[in-house]
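I opened my notebook to look at charged side chains. I wanted to see who pairs with whom.

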Amino acid sequence: FPRQASFAPAEVTASRAFFYKDMDGCPLSGDCRSRSYVIAGDMLVTGRRMGDFVCAFYSNDSGGTAGWLRRSDLRELPLDAQPPAAAWLGDWSDGASADVTIGEKYGRLSIVGNAFWPARPEENDWPTIHIGEVAGALEIAGARASYGDDNLCELELTLLADFLLIADNRRCGGANVTFSGVYTRTGQPN
């Protein structure tokens, strides 16, 4: 999902909007409706479109739900193409295995973060040996930012109001470690 080309924040307007699966012929044909749904007022991130459907991600405490939603059940919100630097600042989590903090140092925005596989150390009884770390300056261009380091790790970030999308190049840590995901704010910097 974080590698799709165009994103937008959206609000659910239907009393209940069901997700449709992403499998053969879906969502345009067949019985693809899942049991997962969102309700009026829920905020989510939308991506690519297919007919009357839009690919969407809803973030929650267990990571989130992704799939197709009917476009008529949503209201796309305006995208701030030039958010102020303060909009990037804070602690962000993907709700699963990665956290990042964006702060300001010497007049530039920087990122520090950790990712784990299969889970954060505090969530399992065995040592997590697959980890990834990022730390360094961000290059900001409107609502997008990029990061790169000497270990060949690259991140592409997109800021959408209260969502931060990160796509990495799969070179940011050990086996199966990724920073790719949809992040929500967990705190403001001190």
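Here are my entries on the charged residues I looked up.

**Entry 1: the model.** I am working with a predicted model. I looked up the salt bridges and found a count of four.

**Entry 2: Arg75 and Glu11.** I checked this pair and found a salt bridge, 2.4 Å from N to O. Arg75 sits in strand 7, while Glu11 sits in strand 1. They are 64 residues apart, so the pair links distant parts of the chain. Arg75 is partly exposed at 42% relative accessibility. Glu11 is also partly exposed, at 21%.

**Entry 3: Arg48 and Asp22.** I found another salt bridge here, with the closest N and O atoms 3.7 Å apart. Arg48 belongs to strand 4, and Asp22 to the loop between strand 2 and strand 3. Arg48 is partly exposed at 38%, whereas Asp22 is exposed at 53%.

**Entry 4: Glu76 and Arg49.** This salt bridge has its closest N and O atoms 2.2 Å apart. Glu76 is in strand 7 and Arg49 in strand 4, so the pair ties together parts 27 residues apart in sequence.

**Entry 5: Asp73.** Is Asp73 buried or exposed? I looked: Asp73 is buried, yet has no salt bridge. The nearest side chain of opposite charge, Arg70, is 5.3 Å away. Asp73 lies in the loop between strand 6 and strand 7. Its contacts beyond four places in sequence include Glu11 and Val12.

**Entry 6: Glu154.** I ended in strand 14, where Glu154 lies. Glu154 is partly exposed, at 46%. Glu154 and Cys172 are 18 residues apart in sequence, but 7.2 Å apart in space, C-alpha to C-alpha.

Technical notes:
Residues are numbered from 1 along each chain as its sequence is written. This is a predicted model: local features need pLDDT of at least 70, side-chain atom pairs count only at pLDDT 80 or more; totals for chains, interfaces and linings use all residues. Side-chain values use heavy atoms; hydrogens and water are left out. Helices (H or I, at least four residues) and strands (E, at least two) are DSSP runs, numbered from the N terminus. Buried means under 20% relative accessible area, exposed over 50%, partly exposed in between (1.4 Å probe, protein chains only). Lys and Arg count as positive and Asp and Glu as negative; His and the chain ends are not counted. Contact means heavy atoms within 4.5 Å.
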